[in-house]
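Subject: Structure for your files

Hello,

Please find the structure below, followed by notes on what was found in it.

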Amino acid sequence: NSEASGGTTTQPPSQASVEAAHKAKPTLRPLSDFLTEDPHTYSQEEIQDMLDMIHHGNQLMRQDQSGEVARNSGGGLKPIAKAYGIVGFVRFLDCYYLTLI
């Protein structure tokens with residue numbers, strides 16, 4: 001007996017504490033909280049202008065010893081897939097996935 005020898009006994013976790021641990025996952029916000037449909041139809045030129053703006057805005061900046069700021073080759077926008085439209089969003093586990101066509 002471990003109590004007789006001065007040790008402590010460990011009680012198994014209660015059913016309530018086990019259930020609480022499984023329910024402790026963060027809640028996922030609905031897409032409508034941060035996603036809205038843009039009613040504007042963009043021309044090919046407007047799309048390219050927007051992509052260029054995102055690319056330049058996300059480029060890494062570096063400052064040389066003279067104080068000049070220059071854009072680095074890192075960062076920016078890099079295409080990873082060619083798509084013709086958005087099919088929708090799929091919720092899987094704890095995040096949303098964008099589905100393209």
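Asp52 sits in helix α2, which spans residues 44-57; helices here are DSSP runs of H or I with at least four residues, strands are E runs of at least two, and both are numbered from the N terminus. With a relative accessible area of 33%, Asp52 is partly exposed. That class lies between buried, under 20%, and exposed, over 50%, using a 1.4 Å probe and protein chains only.

This is a predicted model, in which local features need pLDDT of at least 70 and side-chain atom pairs count only at pLDDT 80 or more, while totals for chains, interfaces and linings use all residues. Residues are numbered from 1 along each chain as its sequence is written, and side-chain values use heavy atoms, with hydrogens and water left out.

Asp52 also belongs to a negative surface patch, together with Glu45, Glu46 and Asp49. Patch members have over 30% relative accessible area and no salt bridge; like charges are joined within 9 Å, and nonpolar side chains (Val, Leu, Ile, Met, Phe, Trp, Tyr) within 5 Å. A salt bridge would be a side-chain nitrogen of Lys or Arg within 4 Å of a carboxyl oxygen of Asp or Glu. Asp and Glu count as negative, Lys and Arg as positive, and His and the chain ends are not counted.

A nonpolar surface patch of about 580 Å² consists of Tyr42, Ile47, Met50, Leu51, Met53, Ile54 and Leu77. Areas are from the Shrake-Rupley method with a 1.4 Å probe, and for residues only the protein chains shown count as cover. Tyr42 is in the loop between α1 and α2 and is partly exposed, at 35%.

Thr27 lies in the loop between α1 and α2 and is exposed, at 76%. Its C-alpha is 10.0 Å from that of Cys95, 68 residues away along the chain. Ala81, in the loop between β2 (69-75) and β3 (86-92), is exposed at 57%. From Ala81 to Leu100 the C-alpha distance is 9.1 Å, across 19 residues of sequence.

Overall, the protein has two helices and four strands, in the order α-α-β-β-β-β from the N terminus. Of its 101 residues, 4% are buried. Mean pLDDT (the predictor's confidence in each residue, from 0 to 100) is 77, and 69% of residues reach 70 or more. Confidence is lowest in helix α1 (residues 15-22), with a mean of 62, and highest in α2, at 91.

Regards

Terms used: The place of a charge is taken as NZ of Lys, CZ of Arg, CG of Asp or CD of Glu.
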